[in-house]
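I opened a new structure today and kept notes as I went. The entries follow the order in which I looked things up.

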Amino acid sequence: MATPNEIEHAIEHHYQLASESAEAMEELDGTADVDSEEAERKTLEEAERLSKEKPLVRLVNGIFLDALRRGASDIHIAPGEHQAELWLRIDGARVSIRTFSKGLMPALVSRIKIVGRMDIAEHRVPQDGRARIVDRSRVVDLRISVLPTADGESVVVRVLSGQGTVKGIGELGFSAVDAELLTDLLHRNNGIILVTGPSGAGKSTTLYAALGELVKQNVNIITVEDPVEARMAGIEQVQINAAIGLTFAQALRQILRHDPDVIMVGEIRDDETGKIAVESALTGHLVLSTLHTNDAASAVTRLVEMGIEPYLLGSSLLGVLAQRLVRRNCEHCLAEEKVAPVMRRALGLGEDERFYHGVGCERCSHTGYRGRIAAYELLRVTEPLRRLITSGVTADAVTAQALVDGMVPLTDNALARARRRETSLAEVYRVRLR
């Protein structure tokens, strides 16, 4: 016996695209010219006509739905010299799905532009669009980017978390001590809390979890985001639109007139936004935001480099959370990991210490991993650290004091997860900081 969900999962696992998508691809493969040079000579009218045909509509819908059901965070359609490739980013890793004739690209890109409400006649400049799809009563938002390249237009679709998928603080994988510390910081009535890391490090997920905790306090929360990745009840969310002059800084000035208790800024990108955020924190608002820095201490020097006075930053900063995402071992196929000597030397490990990783099975689609977890370091601004920040010291000095105050470095946090067999040592080596 098998449930409908199990049958659907088996079909999706063994067939790379849904049956409708495969049928559409066959029909279009038969009508599209295989010769890439001939494909380039196709007129805009022909691409537009094909983009509205039923096979193309089914193909694009099938690609989107297949990505959702595989748990992908991004969909990539990349043109090459002779063919185009469809691949997904699943658990942070690239997974190739299939290739198809480059002659399909003009019509395929035109259809995606129609879905994203973009200009299908424009092929020379990058374009951004948004769309929303429904899968099994689940509403999901898509952020679409089209970029002209030497081989044609490349498409990347970011799958946003949508509605009803916001995690709580307890679901992020923090230790009991750090979860309590972060919750305590969120209950302050003023100051800045920053989440740092590269793109794809889970910063937005952490911020939304923090907002979910703050909603419980019955306070007025306003966010400024680009884009709004998940809609939350009880929160006013503002979408940035640079085309009409609605920037982070402009939106921040306006929402301060709406008497917010908590302000969430999607990202501090420039000195103007940073200065307004600091001023807001000093005038009785709790401010949450993200910053692109490698570690927690670098956030301090980055803001100072933006032009924020150290004494203002020292007075307003509450804490910095730096994080990365590491892939979680599949618990159904764990085996001892063969560790390269360079990894042991870089991480200061002895030859006798053993680590484990997934070797691949049906449960994890033979990748060895299922899902991701956060490796992080949480810097809490203590009084000694506040005095250091005010005096304008280096990131190394901030790190040294934070370690004295009890901060666990990100690399050590990731290594502890590997020792608990939650992830592999290769993943720790990939995200290590020091």
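Predicted model: local features only at pLDDT ≥ 70, side-chain atom pairs only at ≥ 80, totals over all residues.

Entry 1, cysteines. I looked for disulfides, taking one to be a pair of cysteine sulfur atoms within 2.5 Å, and the structure holds 0. C333 is in no disulfide, and its nearest cysteine sulfur belongs to C330, 3.7 Å away. C333 counts as buried at 8% relative accessibility; buried means under 20% relative accessible area, exposed over 50%, and partly exposed in between, with a 1.4 Å probe and protein chains only. C364 is in no disulfide either, with the sulfur of C361 as the nearest cysteine sulfur at 3.8 Å. C364 is also buried, at 4% relative accessibility.

Residues are numbered from 1 along each chain as its sequence is written, and side-chain values use heavy atoms, leaving out hydrogens and water. Helices (H or I, at least four residues) and strands (E, at least two) are DSSP runs, numbered from the N terminus.

In what order do the 6 strands of the open sheet lie? I read β3-β2-β1-β6-β5-β4, with antiparallel pairing; two strands pair if DSSP finds at least two bridges between them. β3 (93–101) and β4 (127–135) each have a single partner strand, so one side of each is left without a neighbour in the sheet. From one strand to the next the twist averages 20 degrees. β1 (residues 72–79) and β2 (residues 83–90) are antiparallel and share 7 bridges. A72 has I90 of β2 as its bridge partner.

I found S154 in strand β6 (residues 152–159). Is S154 buried or exposed? S154 is buried, with a relative accessible area of 17%. Leaving out residues up to four places away in sequence, S154 touches I77, A78, P79, S145, V146, L147 and T149.

β8 (residues 221–225) runs parallel to β10 and is joined to it by 4 bridges. T223 has M264 as its bridge partner in β10. β10 also pairs with β11 (residues 286–291), again in the parallel sense over 4 bridges. There, M264 has L288 as its bridge partner. Between β10 and β11 the chain passes through helix α10 (residues 271–282), a right-handed β-α-β crossover: with the strands pointing away from the viewer, the path from the first strand over the helix to the second runs clockwise.

Helix α11 (residues 296–305) has A296, A297, A299, V300, T301 and L303 as its buried residues. G307 follows α11 and has a positive phi near 110 degrees. G307 lies in the loop between α11 and α12 (310–316) and is partly exposed, at 34% relative accessible area.

I took a nonpolar core as a set of buried Ala, Val, Leu, Ile, Met, Phe, Trp, Tyr and Cys residues joined through side-chain atoms within 4.5 Å. The largest has 38 residues, of which L194, L303, L317 and L379 touch the most other members. Contacts of L379, beyond four places in sequence, include A296, A297, L318 and M407. A second, separate core of 33 residues includes L88, A107, I112 and V140.

I counted 7 buried residues among the 10 of helix α16 (residues 410–419). Their cover includes β12 (317–329), α13 (341–347), β15 (369–380) and α17 (425–431). Just after α16, R421 has a positive phi of about 65 degrees.

Terms used. Contact = heavy atoms within 4.5 Å. Axes fitted to C-alpha atoms, helices over the stretch in contact; angles between N-to-C directions.
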